[in-house]
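Hi everyone, and thanks for coming.

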Amino acid sequence: MALEHALLVSLTERASSGYDLAQRFDKSIGFFWNATHQQIYRVLKRMDEQGWVVAETVPQEGRPDKKVYTVSEAGLDELIRWIGEPIELEPMRNEMGVKLRAASLGDIAGIIAEIKRHRDQHEHRLDLYRAFEKKDYPAPDQLSGKKLHLYLVLRGGIRVEEGIIDWCDEVLDALQRDTARSRASEPKGTQR
């Protein structure tokens, strides 16, 4: 997926200035696709040049005018074309997994602390997603159309976070058991 497609999706939901789009992006699509504010502005400019968006200049009192972007017919055609494309399986990138593979070469206590830190961050994100779910989708079985689609994306995020937390718990249990076994097998007087 190109950032262009993520921005087109967001702009179909609501016309926005670059600033407003970046703010909304951070709170929604940004959970699934990262982009800096500078990238968003560059891509909006490129999309404008391609004719995928239309920018309307809106005067503001006491501040510079702002451009509010909407999706053009060409942008909608591109989005529909992209939606119809098959998606290739993306390789998982997990720096913690690579560090874990090399854990025997380093400080196991440090790896354990880092996994606990990551687990806490994922638990915080899971709590945030569940709060969104409770607030925005109290009756999920009654959803349809766009609301259902948004809910399903949120559910995907919840499931991913639950899976990562479960994996962190599994790793922590295994490393702590291994550390305890290693200490028990050390000759007396050499234990740390």
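Setting aside neighbours within four places in sequence, leucine 3 is in contact with Phe25, Trp33, Ala35, Gln39, Ile40 and Val43; contact here means heavy atoms within 4.5 Å. Before I go on, a word on what you are looking at: this is a predicted model, where local features need pLDDT of at least 70 and side-chain atom pairs count only at pLDDT 80 or more, while totals for chains, interfaces and linings use all residues. Residues are numbered from 1 along each chain as its sequence is written, and side-chain values use heavy atoms, with hydrogens and water left out.

Now, which residues have the most contacts inside the largest nonpolar core? They are Leu3, Leu7, Phe25, Ile40, Leu44 and Met47, in a core of 18 residues. By nonpolar core I mean a set of buried Ala, Val, Leu, Ile, Met, Phe, Trp, Tyr and Cys residues joined through side-chain atoms within 4.5 Å. Buried means under 20% relative accessible area, exposed means over 50%, and partly exposed is in between, with a 1.4 Å probe and protein chains only. Helix H1 (3-13), helix H2 (18-27) and helix H3 (37-50) are the elements that give two or more residues to this core. H1 gives the most, with five residues. Helices (H or I, at least four residues) and strands (E, at least two) are DSSP runs, numbered from the N terminus. There is also a second, separate core of nine residues, and Met96, Ile111, Leu172 and Leu175 are among them. As general background, nonpolar side chains in soluble globular proteins tend to be buried together.

Let's stay with H1. How many of its 11 residues are buried? Eight of them are, and H1 is mostly covered. The buried ones are Leu3, Glu4, His5, Ala6, Leu7, Leu8, Ser10 and Leu11. What covers them includes S1, H2, H3, S2, S3 and helix H4 (73-83). Take serine 10, which lies in H1. Serine 10 counts as buried because its relative accessibility is 1%. Beyond its neighbours within four places in sequence, serine 10 is in contact with Leu21, Arg24 and Ile29.

Next, how the helices pack. The axes of H1 and H3 come within 10 Å and cross at roughly 85°. Axes are lines fitted to C-alpha atoms, for helices over the stretch in contact, and angles run from 0 to 180 degrees between N-to-C directions. H1 and H3 are therefore roughly perpendicular to each other. The naming goes like this: under 35 degrees is roughly parallel, over 145 roughly antiparallel, 65 to 115 roughly perpendicular, and the rest oblique. At this meeting point, Leu3, Glu4, Leu7, Leu8 and Leu11 in H1 meet Gln39, Ile40, Val43, Leu44, Arg46 and Met47 in H3.

H2 and H3 have axes 10 Å apart and pack at an angle of about 130°, so these two helices are oblique to each other. Their contact is made by Gly18, Tyr19, Leu21, Ala22, Gln23, Phe25 and Asp26 of H2 and His37, Ile40, Tyr41 and Leu44 of H3.

H1 also packs against H4, at an angle of about 120° with the axes 10 Å apart. That contact brings together His5, Leu8, Val9 and Thr12 of H1 and Gly75, Glu78, Leu79, Arg81 and Trp82 of H4.

On to the strands. Three of them form an open sheet in the order S1-S3-S2, with antiparallel pairing. S1 and S2 are the edge strands, each pairing on one side only. Strands pair if DSSP finds at least two bridges between them. Two bridges join S1 (residues 16-17) to S3 (residues 63-71), and serine 16 has tyrosine 69 as its bridge partner in S3. Seven bridges join S2 (residues 53-60) to S3; there, threonine 57 is partnered with lysine 67. In the hairpin of S2 and S3, two residues sit between the strands, and glycine 62 takes a positive phi near 75°.

One last stop: is alanine 102 buried, partly exposed or exposed? It counts as partly exposed, because its relative accessibility is 34%. Alanine 102 lies in the loop between helix H5 (95-101) and helix H6 (108-136).
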